[in-house]
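Here are a few notes to read alongside the structure. Please keep the view open and follow the points in order.

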Amino acid sequence: MFNDQGSGSLYRDDPGQRPEQRAKTDHSRGLKKKLNNGETYQIIDTRITEQYAAGHLPEAQNIPHQDLRNKLALLDQTQPVITYCNKGVTGNATQNILLNHNFKNVFNLSGGFQFYDATKED
């Protein structure tokens, strides 16, 4: 079950989890609004380098999913993180790794880069 928390994000409703451990998704419209409002995020593109090179979100850093555990020290646990992949599945897996390593405010971009790119405004 999902609950809309009014911020453009959806939270998995699992009473066994503390609120900071709940997986959060954000839609491209919500992300664009946050970025346009000047909110600061660490944006992690979890795709392989070739996919990243072909196109990525502004300010995104490429940390392929398979390299993430070895590069956790590059990220600030106190800053919000947005993860994404091509369609959303690997971004979600990356989000779970970060949550399991005590990152508190981690979002996964719903639909991944494909949906973001298809709905971006020129």
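1. The side chains of R47 and D45 are joined by a polar contact of 2.8 Å. A polar contact here is a pair of N or O atoms within 3.5 Å, one able to donate a hydrogen and the other to accept it; residues adjacent in sequence count only if both atoms are side-chain atoms. The side chain of R47 also reaches the backbone oxygen of Q51, at 3.4 Å.

2. A word on the basis: this is a predicted model, in which local features need pLDDT of at least 70, side-chain atom pairs count only at pLDDT 80 or more, and totals for chains, interfaces and linings use all residues. Residues are numbered from 1 along each chain as its sequence is written, and side-chain values use heavy atoms, leaving out hydrogens and water.

3. Where is R47 found? Look in the loop between β4 (42-45) and α2 (49-54); helices (H or I, at least four residues) and strands (E, at least two) are DSSP runs, numbered from the N terminus.

4. R47 counts as buried because its relative accessibility is 5%, and buried means under 20% relative accessible area (1.4 Å probe, protein chains only). Leaving aside residues up to four places away in sequence, R47 touches several others, among them Y52, H56, Y84 and F113; contact means heavy atoms within 4.5 Å.

5. Y84 brings us to strand β6 (residues 81-84), where V81 and T83 on one side and I82 and Y84 on the other are all buried. β6 pairs with β4 in the parallel sense over four bridges; strands pair if DSSP finds at least two bridges between them.

Note on methods: Buried < 20%, exposed > 50% of the residue type's maximum accessible area, 1.4 Å probe, protein only.
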